[in-house]
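Thanks, everyone. Please have the sequence and the structure open side by side.

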Amino acid sequence: MVRSDDRVSAHLPGVAAASESVFLDAERGWRVWAVDREDPVSDEELAVMAGRTGAPVLSAYVMDSDCAVVEALGTRTGPWRTCLGRASMAAYMAESGASVDDWFASAEQATRAAARWAREAGCEPSETVLAAAFAAFPDPFVETVFIALLEGLGVRTDG
């Protein structure tokens, strides 16, 4: 998610224009893009997007609609990372022996970081809605939890 009318490919040379589409438009210039690619957006790519747009950015890497890696960068508040669908993510990570707790902020930590990010972005977050999104079980898809996360951040869709 980026505050820009430009396509993601305009900010990230590694993204082909053919692999991106608008997921949703939101108020105050926010646009959520769906990008079909193998890997999540890197920390360096988040920094490039934040630098080029002058605004905080957020990325969610969706894994088979079961869970998502959420990474964000505020120009003043810095980076944070967590996941949506924590139990599903734990199942993915169990295969490698890694722990969700080792890689991702807890729901409580993520709620605080997300609220700071949202305020920096000029939004009015709801910590109650954020906490519910970070604790939610994807039923049936994590994309619905992602929409709840956006609502908790105070990113309102147009219309």
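Start at D64, in the loop between β4 and β5. One thing to keep in mind: this is a predicted model. D64 has a phi near 50 degrees, a positive value in a residue other than glycine. Why mention that? Most residues other than glycine have a negative phi.

Now, buried or exposed: which is D64? D64 counts as exposed, because its relative accessibility is 64% and the exposed class begins over 50%. S65 has a relative accessible area of 18%. The limit for buried is under 20%, so S65 is buried.

Another backbone point. The peptide bond from D139 to P140 is cis, with omega near 5 degrees. Most peptide bonds are trans. Look for P140 in the loop between α6 and α7.

The largest nonpolar core has 25 residues. Which of them touch the most other members? They are L58, W80, L84, W117, F134, L149 and L153. At least two residues of this core come from each of β5, β6, α5, α6 and α7.

Take L84 from that list. Beyond its neighbours within four places in sequence, L84 is in contact with C67, A68, V70, A133, F134, V142, V145, F146 and L149. There is also a second, separate core of 8 residues. Among them are M63, C67, M93 and V100.

Next, the aromatics. How many aromatic pairs are there? The count is 1. W80 and F134 form it, edge-to-face, 6.3 Å centre to centre, with 90 degrees between the planes. W80 sits in strand β6, residues 78–84, and F134 in helix α6, residues 127–135, so the pair ties together parts 54 residues apart in sequence. Both W80 and F134 are buried.

Last stop, helix α3, residues 86–94. Its buried residues are S88, M89 and M93. These cover an arc of only 135 degrees around the axis, so they lie on the same side of α3. What covers them? The cover includes β4, β5, β6 and α4. The face away from the buried side carries the exposed residues A87 and A94.

That's my tour. Over to you.

Note on methods. Residues are numbered from 1 along each chain as its sequence is written. This is a predicted model: local features need pLDDT of at least 70, side-chain atom pairs count only at pLDDT 80 or more; totals for chains, interfaces and linings use all residues. Side-chain values use heavy atoms; hydrogens and water are left out. Rings of Phe, Tyr and Trp (its six-membered ring) pair if their centres lie within 6.5 Å; planes under 30 degrees apart count as stacked, over 60 as edge-to-face and the rest as tilted. Helices (H or I, at least four residues) and strands (E, at least two) are DSSP runs, numbered from the N terminus. Buried means under 20% relative accessible area, exposed over 50%, partly exposed in between (1.4 Å probe, protein chains only). The arc is that of the directions from the helix axis to the C-beta atoms. Contact means heavy atoms within 4.5 Å. A nonpolar core is a set of buried Ala, Val, Leu, Ile, Met, Phe, Trp, Tyr and Cys residues joined through side-chain atoms within 4.5 Å.
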